[in-house]
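Look at the charged side chains in this model. Which of them pair up, and how far do they sit from solvent?

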Amino acid sequence: MTRIQPCTADSGRMKFKAKFSRDVSEILPYINGRMQRAIYHKTAGTLTFHKEFRMITIYPEKLAVSKVINETDAFEVISLVQDLINDTYEKRDEIEPLYEMRERISPIEVYKHLPKLNCKRCGEMACMAFASKIVSSAQNIKRCLPLYEEEYKGNLEKLDTILQILGYE
């Protein structure tokens, strides 16, 4: 770990940077092929994904993570990324590398299919906040209870299709 400091995106959390012992750029397309929710930027040479509320970006020679809880959490994320890289490297002959950037789903696309009741039953203040958290993996679509009512069955089916195509669970 080369730097740890307060997170600008979430004042109650921290962000950090760490340096790899070697260049990992050759493995990034394989991780991208393996992780449906990763975003690979070929020209920038980065791969970004979310682990719960944390945003993790792998660069060729370093790691940047935001929204970690504390230093212990930071070391756990480092271990997770190290295991991901090493495991992917070992299995690279079995993985189809993906050199293209996946399409990102927007919160608006999710919001269009929500009931728009702002009922707060999901724990969020509004449906748009819920949609944003769905996209960032901080919420689960199953928390929107009105979607499971008969009136919104079509909305749920559309959302399921959108989320499955893009690799969301």
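A salt bridge here is a side-chain nitrogen of Lys or Arg within 4 Å of a carboxyl oxygen of Asp or Glu. By that criterion, R34, D87 and K91 are linked in a network of salt bridges. The model is a predicted one. In total it holds seven salt bridges. Side chains of opposite charge can pair when their charged atoms come close.

Start with R54. Its side chain meets that of E52 in a salt bridge, at 2.7 Å from N to O. Are the two partners buried or exposed? R54 has 7% relative accessibility, and buried means under 20%, so R54 counts as buried. E52 is partly exposed, at 45% relative accessibility.

Next, turn to E149 and R121. Their side chains form a salt bridge with an N to O distance of 3.6 Å. This pair links distant parts of the chain, 28 residues apart. E149 lies in the loop between α4 (127-135) and α5 (153-165). R121 lies in the loop between α3 (107-111) and α4. E149 is partly exposed, with a relative accessible area of 35%. R121 is also partly exposed, at 44% relative accessibility.

Finally, consider K133 and E124. A salt bridge joins their side chains, at 3.3 Å from N to O. K133 counts as partly exposed, because its relative accessibility is 34%. E124 has a relative accessible area of 12%, so it is buried.

Note on methods: Residues numbered from 1 in each chain as written. Predicted model: local features only at pLDDT ≥ 70, side-chain atom pairs only at ≥ 80, totals over all residues. Heavy atoms only, no water. Buried < 20%, exposed > 50% of the residue type's maximum accessible area, 1.4 Å probe, protein only. Helix = DSSP H or I, 4+ residues; strand = E, 2+ residues; numbered from the N terminus.
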